[in-house]
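Student: I have a structure open and would like to learn how to read its features. Could we go through them one at a time?

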Amino acid sequence: MQNSEIKYAKLIDNLKKLKKVLVAFSGGVDSTLLLYASKEALGKNALAVTACSFLIPERDVCESIKFCQQFNIEQIKFTFNPLDMPEFAENPPHRCYVCKKTLFTNFLHLAEEKGAVLCEGSNLDDLQDYRPGMQALTELKVHSPLREVQLTKEEIRCLSKTFSLPTWDKPSFACLASRFAYGEKITLDKLKAVDRAEQLLFSLGFKQFRVRVHGELARIEVLPEHLSLAATVPIRREIYCKFQEYGFRYVTLDLFGYRTGSMNEMLK
């Protein structure tokens, strides 16, 4: 038995001990595997809660709904507006902490109403980057079953492929607020502009990417092997013209390419 299979068996055992769980389900790679495992371990005692806000692209929310319908999982859709929190909108380095603390406090109330244990899908690799939201989860004592059995992102993808989950090769995602340089105020119009810009890149065939915002400048990160594609005349022109329509005065292509947490580089 492979190491990932041993970890998954332990995951199932741990979930069974919880008896009933409410999984914070974004529809991403990690939370999808966690919800799938919870359903396998607990059946109807595996529930999902999905945050619905302009921080999450609509296509991701729709995919989460489709998954829950496919596996007959009860899903709670929780409408959430983080811009109601002034400290979040000011976008300090601990912005993710502020958001997670508020959001998961609400999730805990929902879990209590359902008589369930709240679980979320962070994995072992998440400990390697600056993630202040993790502190909020620790303070609230939210269970992180994938991390508890030390599953890595690569192992989660491999297991997801084995189980034929639709997310096994889904690009990594982070909420749209992570696209803004720390200290730049986050507004609804700016979030919509980023969402439209990334939807454009998705429609042009790019798979893993980010549109980072520095004032009026949009810095595009694509996979290194896609840099030449982004620089071709037809695509480059379409990106530039559309981004200007969305409100960006300057548009640039990051020559290093896509990497997670690039906005955290300034903190180092």
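Student: Which residues is K16 in contact with, leaving aside its neighbours within four places in sequence?

Tutor: The model is predicted. Setting aside the neighbours within four places in sequence, K16 is in contact with A41 and L42. K16 itself lies in helix α1.

Student: How far apart are the C-alpha atoms of K16 and G27?

Tutor: They are separated by 22 Å, and the two residues are eleven residues apart along the chain.

Student: Let us take a whole helix. How should I read one that has some buried residues?

Tutor: Start with the geometry. An α-helix has 3.6 residues a turn, so residues three or four places apart point the same way. Now look at helix α8, residues 153-162.

Student: Which residues of helix α8 are buried?

Tutor: The buried ones are E155, I156, L159 and S160. These residues are on the same side of α8, because they cover an arc of only 135° around the axis.

Student: Which residues are exposed on the other side of α8?

Tutor: E154 and K161 are exposed there.

Student: What covers the buried residues of α8?

Tutor: The cover includes α1 (3-18), α2 (29-42) and α7 (145-148). α1 is also the helix in which K16 lies.

Student: Next, backbone angles. Which residue just after α8 takes a positive phi?

Tutor: That is S164, with a phi of about 60°. Phi of N91 is near 60°, a positive value in a residue other than glycine. Phi of Q150 is near 65°, again positive in a residue other than glycine.

Student: Where are N91 and Q150 found?

Tutor: N91 is in the loop between α4 (86-89) and α5 (95-114). Q150 has its place in the loop between α7 and α8.

Student: What do the side chains of D169 and K207 form?

Tutor: They meet in a salt bridge, at 3.7 Å from N to O. This pair links distant parts of the chain, 38 residues apart: D169 sits in the loop between α8 and α9 (188-203), and K207 in the loop between α9 and β5 (209-214). D169 counts as partly exposed at 32% relative accessibility, and K207 counts as partly exposed at 43%.

Student: Which residue forms a salt bridge with R179?

Tutor: The partner is E198, and the closest N and O atoms are 2.6 Å apart. R179 lies in the loop between α8 and α9 and E198 in helix α9, so the pair ties together parts that are 19 residues apart in sequence. Both R179 and E198 are buried.

Student: Where are the salt-bridge partners R259 and E221?

Tutor: R259 is in the segment after β7 (250-253), and E221 is in strand β6 (residues 217-222), so to read this pair is to read a link between distant parts of the chain, 38 residues apart. Their side chains meet at 3.9 Å, N to O. R259 counts as buried at 18% relative accessibility, and E221 is buried with a relative accessible area of 0%.

Student: Which residues are linked with R259 and E221 in a network of salt bridges?

Tutor: The network links R212, R219, E221, D254 and R259.

Student: Last, pockets. How many residues line the second largest pocket?

Tutor: A pocket can be read by its volume and by its lining. The second largest pocket has a volume of about 450 Å³ and is lined by 23 residues. Of these, R59, D60, E63, K170 and P171 lie nearest its centre.

Student: Which element gives the most to that lining?

Tutor: α3 does, with six residues. α3 (58-70), α9 and β5 each supply at least two residues. By class, the lining has seven nonpolar, six polar and ten charged residues.

Note on methods
Residues are numbered from 1 along each chain as its sequence is written. This is a predicted model: local features need pLDDT of at least 70, side-chain atom pairs count only at pLDDT 80 or more; totals for chains, interfaces and linings use all residues. Side-chain values use heavy atoms; hydrogens and water are left out. Buried means under 20% relative accessible area, exposed over 50%, partly exposed in between (1.4 Å probe, protein chains only). Helices (H or I, at least four residues) and strands (E, at least two) are DSSP runs, numbered from the N terminus. The arc is that of the directions from the helix axis to the C-beta atoms. Contact means heavy atoms within 4.5 Å. A salt bridge is a side-chain nitrogen of Lys or Arg within 4 Å of a carboxyl oxygen of Asp or Glu. On a 1 Å grid over the protein atoms alone, a cavity is a set of points where a 1.4 Å probe fits but cannot get out, and a pocket is an open set with protein on both sides within 12 Å along at least five of seven lines; lining residues have an atom within 4 Å of a point. Grid points are joined across faces, edges and corners, and a volume is the space filled by probe spheres set on the points. Ala, Val, Leu, Ile, Met, Phe, Trp, Tyr, Cys and Pro count as nonpolar, Asp, Glu, Lys and Arg as charged, and the others, Gly among them, as polar.
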